[in-house]
Structures are given as structure tokens and as C-alpha cells.
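Biologist: I would like to learn how to read a model of this kind step by step, beginning with the overall picture and moving on to single residues. Could we go through it together?

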Amino acid sequence: MPALTTRPIRELPDELISQIAAGEVVERPASVVRELLDNALDAGARAVTVRLAGGGVRLVTVEDDGTGIDAAQLPIALKRHATSKIASLQDLEQVGSLGFRGEALAAIVSVSELVIYSRTREASSGFSLDGRTGEIKPVARAVGTTVEVKELFFNTPARRQFLKSEATEQAHCLEAVRRQALARPDVQWTVWADGKLLDNWRSLTGPQALQQRCADVLGQVFVDQSIEVANEDLRCSVRGFVGLPAVARSRADHQYTYVNGRFVRDKVVMNALRRAYEDVLHGQKQPSYVLFIQIDPRAVDVNVHPTKVEVRFRDSRMVHQALQRCVEQALSRPRATDLPSDEPLSQTLGVDPTTGATNGEDLPIAAAMPSPNTWRQMDFGAGNRPSPMPYRAFDREGVAPNGQRLGVSELATLWRPQDVESPRIDDVSGVPGRQAATPTDEEPIWPLGRALAQLHGVYLLAQNQQGLIVVDMHAAHERIVYEQLKSQMARGSDAALTQQRLLIPVSFHATAQEIVICAEQGPALAQLGFEITALSAQSLALRAVPAALADGDLVALAREVLTELAEHGAQAVVQRAEHDLLASMACHGAVRANRQLTLPEMNALLRQIEQTDRSDQCNHGRPTWRQVTMKELDRLFLRGQ
Ligand code: ADP
Ligand code: MG
């Protein structure tokens, strides 16, 4: 090994220091776009134009109509650690601007050919500064600034090699624009790439601004299939839109979160959202959302990450809780009462009416779920707006005095036959002026309507004001049962599932292990609503089961629970009970496909869907019911064309 020689310690030249810093700040053309957009917004721009060439590697130009930079200050703007945004540590601790480190322009100019053109309101003309030569020249231009960045990494070939294809780099640049455009509906955005106009979003104001901008950037399907969050907590306010499971995606590419206006991908924030979606979105699906968190700037440190996409909250638990709670609440409300009246077909189906193209990634699911945001415009006949509880029938909705909810079949027994007349088929004659089932004083409005029939033992069909409702019977019931089990378990530390004793015990063949488990785990079984005793060396008797599951496949259910107890032990099962175990119990306990339900049973199920939190999707995130409107049916039959 050669002997180490001592080399002198030297201060690095300025240019090299900037190039080293650029390694952190400027990773690819999209980083340039983001930094230049930050600067434009910090300068109060109301209109921003981005031009790209060659995926942003050959050229990125950002033009704004902000305050501009004074000619004398132009050279300072390119210096390292030169900023107009903070002047003291105190400023840093409550920074309100997007930039504050004064390093972006210095970093960019060290790895590209950069020219700034700018004019302030006071100046009689504009000036340009060439970053390479330092030459300043007068130019004609309006108030504002244009920064032109050419040939990124031309002098650092090793870094240029790491760039991906032009198309990929351009996609990243466009994503950088989208992130800012969502946060600033009040700003007009124009994007050109290689001479083609890609995006042009006009400036928006008023209460619908954010919603419209979300539609511009993410598509109308996102807006139709999302719920508004508006939580005015003073310590941590959250507003924006959370996408329903119907607009979940295979990639996490529609997840936009902001802290005090700054786009972040923060661990605390992401984790809170994952938790909030846990119970409605299963499998590999990624939720979509656009959420703005506003907190006291002194309670968050934005100076912890080179590109500022991570932040540090002083009280991260508080932020986590506030965010999780309000998103969970928004997602859990049943949406049957939000059914739209007469939406254009294109909207229900997520189809662009002009091109016929669809804009949802997952159209089959995105289709046909009603828009939660349209209920306000609905007119249900006599100025009747559906409220969450419009059904007088629910005086007997099946909630026992002890709070226990009954299963479908028990609930059905509470309905007298005259509660549900046989359905009327309106307008068989085909004469115009089809008569909708107008609600009268006698007849409550049920958002999911009256049951008509069962289809192949799988789907339940119902007629409501807008047309036909199709329900996946098993999926819907499974969710309802699951929610019932959860709420019974949530009642306290020694909470147990409500039991129902069987009139005739069910005996079944059991393995030796199942019999041992049964003898050892009596208390855990009781907590889960079971009473199982040994009949012989090879058989067990099921004497009581969880009341909410009494409709299901009881032996399979008991076996499942015994297996769980054998695998994980009582402690683990009861801890897991909150989610997985209850969900699989619900699956066994829910009405089987192919079981014939009576009309009162079907109606009872519809009423339960309307009332149960999260009942619009099953435990696996699939929808439990769909609306097919009269308009859609008319189209099918070319009626009125
Ligand atoms: P920072 O944004 O952290 O201050 P930058 O290197 O991005 O650092 O910019 C340096 C300074 O140049 C800013 O503080 C600002 O005063 C000025 N500046 C940069 N871009 C613009 C712009 N588009 N309009 C007005 N001033 C700008
Ligand atoms: Mg900046």
C-alpha cells in the first residue's frame, strides 16, 4: 500500500462550492423548474409561463409578472447565500416564503447557461444578466422576471449521464408545475414544451377555485369522486379533497400534501393518511388526495431537507391526529344520501362529452358512483333535500335499547308486510312525462329506493328516484356486519361481541387441536361472542355465536376463530380483533351469495347501507352499490333519440 502523503488543506473555489451545493439542490431539470417557480411565486406572480425544450435539459424558461429585480441587484441574486427573504435567525424560524436559503440561482448558474431578464415597476426599462459572462444589458420587457436555463449539466457530464429519457425528464418537469398549480388556483399557469402548448390553466378565485383547479390538473373524475375536507382547527387546519376508493390508483402519483403552502412528502403526513384510508382501501391501491395543512410557522421547521420536501413538526402527534381524524371522518360518511338527481351521463361515467375519452385511470370503478359534491344542487320534488335520516321507518330501524343492531333477517321481522308494497312500474305506456316515484307525506324518501328483486342470488335490484340501484348483496352486508362488530368491540377494554344463543346447538367434527384450544380459550372465545363446548373426543358443539353473524356460515366461522386462536394465542387475537379478525369473521357471517332474501330483508339491507359508515365500499375497497340512472337506461334503448 503506498504511503499516504499529507496534502495541503485549501479553501475550495467559489464555483466548485456552488457545484457541490448544486448536487443537492439540482438533481434534474424538474428541480430547476421547482426552484424557479418558487421564486416566481415568492415575487407575487399572478401569471407564470413555463417553457421546456428537450425534456427541460436543453431549456427551462420560467416567466413571471412578479415584482422583478432591480438592475443593481441582479448580480447579487446569483451569489451563494444571497436572499431577500430572510435577514435573521428569527425570520428563519417563522419563514413564510417558499425560498429562504439563497442558494438556488447560485447552484443552477454553476451547472448551466443561465440568463435572467427582469424589470421592476420603478425602472424605465428591463435588464438582462448573463450568468456566464456577468454582462448586464438593457432589454425591452414588461414588469416581472424571466429566468432562462440552458444546457443543464453541460459542464458536469457525470451528472448529465444520470438523466433519464427526454420524455421522463419532461414528465417530472410537468409534475413540478402541477404541484404548484394545485396550491395556487389564483395564479394562471401556462406550459409549453418544444413549441407545443401543453397546459393553460386560468386564474381562479372564489369558493370553487380549488375544486376547479383540481379538475384542471387531476381531471373531473377526481373531483366527482372525492370529498371535501374542511377542518378549521386553529392549531392545525386541514382543507382540500380526499379521493374515494373509486379513484384509488396503482401508483402513488395523485397524492398532494402541502404544509403552509409548501408541497411536502412528509413521513408524519403520509402515515396519518395511510391510517385514515386503512379501513376503506385494501390491497395495493394508492389513494388520491390534495390536502393543505396550515399551522403556525413557528411550529414547523422547514429547514431540514435540501429540497425542503420534508419538514419537522414541533408537535407531530398533534398533526398526525388532526389529519387522520378529519380525513377518516370525511371518508366514513355513507354517501347513499348524496345521490345526484339528473347528472349528465358523461359525468356519471367519467367520460369527456366532447371526445368520448375517459379520464379516470380506473374507469370501471370510477364509473357510476354518484358525485358526493352534487347533492347540494339536487331537487327532490317538493324542495325536499335528502337529509342523512329522512326515513321515518327508522323508528324501528332495529337498534335495540342496549344499542345492539340486529342482523338483516331479524331487522326484516320488524317490518310488517304493508311497509313495503310491491313495487310499481311507472309509465309502462311509454308516454312522455314519465312519472317518478314522487315522495308523498306517507312515503319516506329512501336514497337507495325500494327493493325489486334479486338477480342470480348475487345482486339486489332496487328502484329509487333516479332509476335503478344494483347492490352487491354479500359485499354490502359484509361491510355492515364488520362495522357492527367493530363498534361492539370499541365499547371499552372488556368489551365483547354481543352473543346470540342458538336454539339448537350446532355440532361439528373437530380436530384434537381444535378441541384443546376450545377448552383453553373459553374467555377469549366468549369475548368474541362464542360459546363452544366439547361433545366428544372428535366433535364440538356451537352453542352461541356473535349476534351480528348469526346469518352466516356458523361452522366455518367457528373454525376460522379456533384456527386464529391456535396460531396467535388469545392475546394476539384480541388485539388483532379490531381489524383483520373481525373482517374475516364478517366475511363468514355475511349473507351468502345464492341465499334468497325476502323483499323485507332486501329493504332492511338497503336501509342499513344508507345508515352505516363506510358502507359504500366493501371490506376490500370495492363498491357495494351502483346507480344506473333512467337517462343511462334510455340511452341503452335509444329512447328519445
Ligand atoms: P431564495 O429564493 O432562497 O432567496 P434564490 O437563489 O432562489 O434564493 O434567489 C435569490 C434571490 O433572487 C431571491 O431572494 C430574490 O430576491 C431574487 N429572485 C429570484 N428569482 C426572482 C423572481 N422571479 N422575481 C423576483 N426576484 C427574484
Ligand atoms: Mg429560491
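Biologist: How many helices and strands does the secondary structure of the chain come to?

Modeller: This is a predicted model, and in it the secondary structure of the chain comes to 20 helices and 22 strands. As for the surface, the chain exposes about 30,900 Å², of which carbon and sulfur atoms supply 52%.

Biologist: Since the model is predicted, what pLDDT does the chain average, and over which residues does pLDDT stay under 50?

Modeller: The general idea is that where pLDDT is low, the predicted coordinates should not be read in detail. Here the chain averages a pLDDT of 82, and 81% of the residues score at least 70. Over residues 341-407, however, pLDDT stays under 50, although the model has 143 contacts beyond four places in sequence for this stretch. Residues 409-441 also have a pLDDT below 50, and the model gives that stretch 52 contacts beyond near neighbours in sequence.

Biologist: Which residues have polar atoms at a listed distance from an oxygen atom of ligand 1?

Modeller: Both side chain and backbone take part in the pairs I would point to. For Lys-85, a polar side-chain atom lies 2.6 Å from an oxygen atom of ligand 1. For Phe-100, a polar backbone atom is 3.0 Å from an oxygen atom of the ligand, and for Ala-104 a polar backbone atom is 3.3 Å from an oxygen atom of ligand 1. Taken as a whole, the protein covers 92% of the 530 Å² of accessible area that ligand 1 has on its own.

Biologist: Let us take a residue in a loop: is Ala-43 buried or exposed?

Modeller: Ala-43 lies in the loop between α2 (29-42) and β1 (47-53), and because its relative accessibility is 18%, which is under the 20% cut-off, Ala-43 counts as buried. Leaving aside neighbours within four places in sequence, Ala-43 is in contact with Gly-66 and Thr-67. Its C-alpha atom is separated by 9.0 Å from that of Thr-145, a residue 102 places away along the chain.

Biologist: How should I then read residues placed in helices, and where are Ala-524 and Leu-633 found?

Modeller: Ala-524 is in helix α17, residues 522-527, and Leu-633 is in helix α20. Ala-524 counts as buried because its relative accessibility is 6%, whereas Leu-633, at 22%, counts as partly exposed. For Leu-633, the C-alpha atom is 8.3 Å from that of Gly-467, 166 residues apart along the chain, and its contacts beyond four places in sequence are with Leu-468 and Val-628.

Biologist: Finally, what phi do His-456 and Leu-638 have?

Modeller: As a general rule, most residues other than glycine have a negative phi. His-456 has a positive phi of about 50° although it is not a glycine, and Leu-638, also not a glycine, has a positive phi of about 55°. His-456 is found in the loop between β16 (450-455) and β17 (459-464), while Leu-638 has its place in the segment after α20 (630-636). His-456 counts as exposed because its relative accessible area is 70%, and Leu-638 is exposed with a relative accessible area of 60%.

Conventions. Residues numbered from 1 in each chain as written. Chains lettered and ligands numbered in written order. Predicted model: local features only at pLDDT ≥ 70, side-chain atom pairs only at ≥ 80, totals over all residues. Heavy atoms only, no water. Polar contact = N/O pair within 3.5 Å; in protein donor to acceptor, adjacent residues only side chain to side chain. Areas by Shrake-Rupley, 256 points an atom, 1.4 Å probe, with all protein chains shown as cover. Helix = DSSP H or I, 4+ residues; strand = E, 2+ residues; numbered from the N terminus. Buried < 20%, exposed > 50% of the residue type's maximum accessible area, 1.4 Å probe, protein only. Contact = heavy atoms within 4.5 Å. pLDDT = per-residue confidence, 0-100.
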